[in-house]
Amino acid sequence: MSQVRRSRPRDGQASGWLFLSITMLVAFIASGDRMSYGVFVVPISEAFNLTRSQAVLPLSLTMIVWGIAQPFVGALMDTYGPRKIIMGALALMGLGFAAAAGAQDLVQLSVGYGVLVGAASSGLATAAFGLLISHRFGQQQRGKAIGFGLAGIPLGTLAFAPFIAAMVVNWSWRGAFLVMAGMILAIGLPLAWAFLKEPATAPGIQLQTLKSGSLFSRDILTAVKSKAYLFLLLAYFGCGSSGQFMQAHLPAIAQEHGFGPQVGALGLG
């Protein structure tokens with residue numbers, strides 16, 4: 001009897017860590033693809049005869065769409081749960097990369113990458129994965145679990161930027177976009193569907209669906225007005241603006257100074 005009682009926590013823990021590993025892998029693929037636009041700036045500039053400012057316009061549009069969509073996507077997570085949002089965002093991101101691969105001018109590239117990938121990014125941000133993980137782990141393990149799962153986001157950029165740069169150099173930038181779309185749709189989305197399932201009950205958390213319009217509820221408005229919320233907003237704004245500037249320009253600047261595309265991509269990673 002004692003052996004049976006001891007085996008159950010081990011089984012539950014193994015299931016939890018498998019879930020966490022798949023979550024990290026999905027975040028790894030999604031963020032690695034999304035954060036590697038800088039390696040495309042030079043080849044896109046040459047293909048469409050653009051200035052660097054014009055070539056990074058799709059990325060700028062991505063950030064605008066991401067920022068506008070994020071509060072609404074957050075409300076959808078409260079209503080429908082993060083799993084459905086993550087799956088929908090993965091499908092949308094894959095379509096965005098495929099559309100970018102077939103773009104014939106800057107406008108088409110801006111719509112495919114800027115709008116579609118930007119909207120998808122709001123559903124694949126830290127909030128989505130953090131909320132998903134928090135529903136699976138209790139208070140004693142939740143911080144460690146979230147930290148482990150979200151490690152996939154920066155590791156994705158570290159690994160994918162040089163990998164995608166190699167594809168751009170040895171193949172083409174259109175082919176690299178297609179590979180990115182394939183990885184999202186053929187690997188990330190099936191893994192999310194099969195493994196990233198939310199529990200019926202969350203340890204230490206009262207799960208409930210919220211009514212439509214919860215984006216402007218009294219609790220949300222109270223939080224937005226607090227100083228702590230304002231400081232968090234300013235911190236994320238500073239982190240996002242500086243990070244996106246490097247993502248957009250660092251590989252191109254490296255090439256201007258005589259370094260190869262792989263070196264610039266490694267610096268971005």
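Guide: On a 1 Å grid over the protein atoms alone, a pocket is an open set of points where a 1.4 Å probe fits, with protein on both sides within 12 Å along at least five of seven lines. Grid points are joined across faces, edges and corners, and a volume is the space filled by probe spheres set on the points. The model is predicted: local features need pLDDT of at least 70, side-chain atom pairs count only at pLDDT 80 or more, and totals for chains, interfaces and linings use all residues. Residues are numbered from 1 along each chain as its sequence is written, and side-chain values use heavy atoms, with hydrogens and water left out.

The largest pocket holds about 2100 Å³ of space. Of its 48 lining residues (those with an atom within 4 Å of a point), Trp 66, Gln 70, Ala 125, Thr 126 and Tyr 236 are the closest to the centre. Helices here are DSSP runs (H or I, at least four residues), numbered from the N terminus. Two or more lining residues come from each of H4 (57–80), H7 (126–134), H9 (152–170), H11 (218–224), H12 (227–256) and H13 (261–268). H12 gives the largest share, 17 residues. By type, the lining divides into 31 nonpolar residues (Ala, Val, Leu, Ile, Met, Phe, Trp, Tyr, Cys and Pro), 2 charged (Asp, Glu, Lys and Arg) and 15 polar (the others, Gly among them).

Turning to the aromatic residues, the structure holds 12 aromatic pairs. Rings of Phe, Tyr and Trp (its six-membered ring) pair if their centres lie within 6.5 Å; planes under 30 degrees apart count as stacked, over 60 as edge-to-face and the rest as tilted. Trp 17 and Phe 148 are edge-to-face, because their ring centres are 5.7 Å apart and their planes stand at 90°. This pair joins helix H1 (residues 2–34) to helix H8 (residues 139–150), across 131 residues. Relative accessible area (buried under 20%, exposed over 50%, partly exposed in between; 1.4 Å probe, protein chains only) is 25% for Trp 17, which is partly exposed, and 35% for Phe 148, also partly exposed.

The rings of Tyr 37 and Tyr 113 form a tilted pair, with centres 4.7 Å apart and planes at 45°. Tyr 37 is buried at 0% relative accessibility, and Tyr 113 is buried at 1%.
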